[in-house]
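Welcome, and thank you for taking a look. Here are a few notes on the aromatic rings, meant to be read alongside the model.

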4 protein chains.
Amino acid sequence: MDSVDDILTQLRAFNQEREWNQFHSPENLAKSISIEAGELLECFQWTADTDARRVSGELADVLTYSFLLADAMGVDPLQVIREKLAVSAAKYPVEKAKGRSTKYDRL
Amino acid sequence: MDSVDDILTQLRAFNQEREWNQFHSPENLAKSISIEAGELLECFQWTADTDARRVSGELADVLTYSFLLADAMGVDPLQVIREKLAVSAAKYPVEKAKGRSTKYDRL
Amino acid sequence: MDSVDDILTQLRAFNQEREWNQFHSPENLAKSISIEAGELLECFQWTADTDARRVSGELADVLTYSFLLADAMGVDPLQVIREKLAVSAAKYPVEKAKGRSTKYDRL
Amino acid sequence: MDSVDDILTQLRAFNQEREWNQFHSPENLAKSISIEAGELLECFQWTADTDARRVSGELADVLTYSFLLADAMGVDPLQVIREKLAVSAAKYPVEKAKGRSTKYDRL
């Protein structure tokens with residue numbers, strides 16, 4: 001299986017060939033993530049019972065732009081997830097957060 | 001460095017400990033991705049010149065919920081990116097798409 | 001009761017006093033609408049059973065930026081709703097769309 | 001010119017004829033606002049220089065679902081804008097906020 005580095009290498013080559021880096025400012029990538037997140041949400045607009053293939057396809061777009069933004073910011077996608085998990089663990093201690101969806105500032 | 005599988009294992013353990021899987025339906029995760037994408041976009045609301053640390057933190061939230069949705073749908077995050085890249089390569093042939101941000105249906 | 005014109009007059013005065021028109025490009029207003037739509041959605045992130053006052057407050061932000069964007073584009077907010085309703089009536093004839101949430105291109 | 005009440009009457013009749021109220025829970029309307037906000041943002045994805053007619057059409061969708069959500073929550077769309085403007089005036093006093101896009105909690 002490919003690693004994150006392999007995928008990033010493929011994404012970079014794809015965009016370089018097409019000379020698309022000029023469009024991929026962090027701001028434009030952030031807009032793109034919001035746009036694709038909306039398309040993903042559209043799979044669930046009127047019902048929770050949705051088409052798995054369509055969800056995967058839209059999720060792929062969110063993930064692709066998220067990886068490109070990480071790359072543009074010079075951070076590793078897995079590393080930022082890992083760091084945020086440590087932050088969340090501190091904000092949501094198990095004994096307080098267990099079984100509750102309450103936001104940390106109201107826990 | 002950890003792999004995607006390691007990260008998914010950590011995310012699953014984090015949520016199981018807190019009994020949060022009950023909240024993580026695909027629909028709720030799709031909503032969460034849109035919500036976090038909005039917070040990421042807020043870093044660029046009035047200016048393209050933004051705070052890199054804040055961007056990484058918000059991007060981490062988008063990535064985390066995206067990984068959780070992939071996991072909930074039983075798909076591999078890197079695999080869906082790779083498959084979508086193949087689709088995009090067919091929609092955007094280099095000779096047509098080079099240097100242009102035009103959508104494929106208007107190329 | 002105030003009319004739409006009264007509200008627009010108040011919104012314009014509010015922004016002129018603060019010299020905020022420099023920030024209110026159509027693009028920045030479109031970003032702001034997405035950001036506020038995310039905050040509105042957050043009211044429903046984990047449950048459909050939400051706080052009505054909070055929803056009204058977030059909806060107000062979406063509406064405010066939407067009115068400002070209409071104003072920036074030189075269009076009347078009620079007029080664009082009315083025109084779109086005519087388009088939707090043509091796309092969704094009663095006999096086909098009755099009781100169905102299917103998108104027009106699959107009806 | 002029609003008033004907000006006229007528009008709401010037309011929107012209600014449109015949805016009743018199609019038996020669409022069953023789909024228009026506050027939660028589904030909030031999702032719909034985010035989805036349409038994403039389509040509006042797509043007009044500005046790669047450039048600030050966009051097609052005014054397309055923007056108006058997408059803005060209409062945001063406004064329509066926002067009016068429907070206001071109606072579903074039993075609040076008046078103009079009234080919620082007016083109330084929020086009073087809140088914003090208190091958060092952003094002219095002497096502090098003039099010419100600055102800084103968020104109130106950092107002013």
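1. A word on the rule first: rings of Phe, Tyr and Trp (its six-membered ring) pair if their centres lie within 6.5 Å, and planes under 30 degrees apart count as stacked, over 60 as edge-to-face and the rest as tilted. By this rule, the count over all chains is 20 aromatic pairs.

2. Start with A:Phe14 and A:Trp20: the ring centres are 5.8 Å apart and the planes at 75 degrees, so this pair is edge-to-face. A:Phe14 is buried (under 20% relative accessible area, with exposed over 50% and partly exposed in between; 1.4 Å probe, protein chains only), at 9% relative accessibility. A:Trp20 is buried too, at 12%.

3. Next, A:Phe23 and D:Trp46 have ring centres 6.4 Å apart and planes at 55 degrees, so they are tilted. This pair crosses between chains: A:Phe23 is in the loop between α1 (4-17) and α2 (26-42) of chain A, and D:Trp46 in the loop between α2 (26-42) and α3 (52-73) of chain D. Helices here are DSSP runs (H or I, at least four residues), numbered from the N terminus. A:Phe23 is buried, with a relative accessible area of 14%.

4. Ring pairs also link A:Phe14 and A:Trp20 with B:Tyr92 and B:Tyr104 in a cluster.

5. Please keep in mind that this is a predicted model, where local features need pLDDT of at least 70 and side-chain atom pairs count only at pLDDT 80 or more, while totals for chains, interfaces and linings use all residues. Side-chain values use heavy atoms, without hydrogens and water, residues are numbered from 1 along each chain as its sequence is written, and chains are lettered from A in the order in which they are written.

Methods: Helix = DSSP H or I, 4+ residues; strand = E, 2+ residues; numbered from the N terminus.
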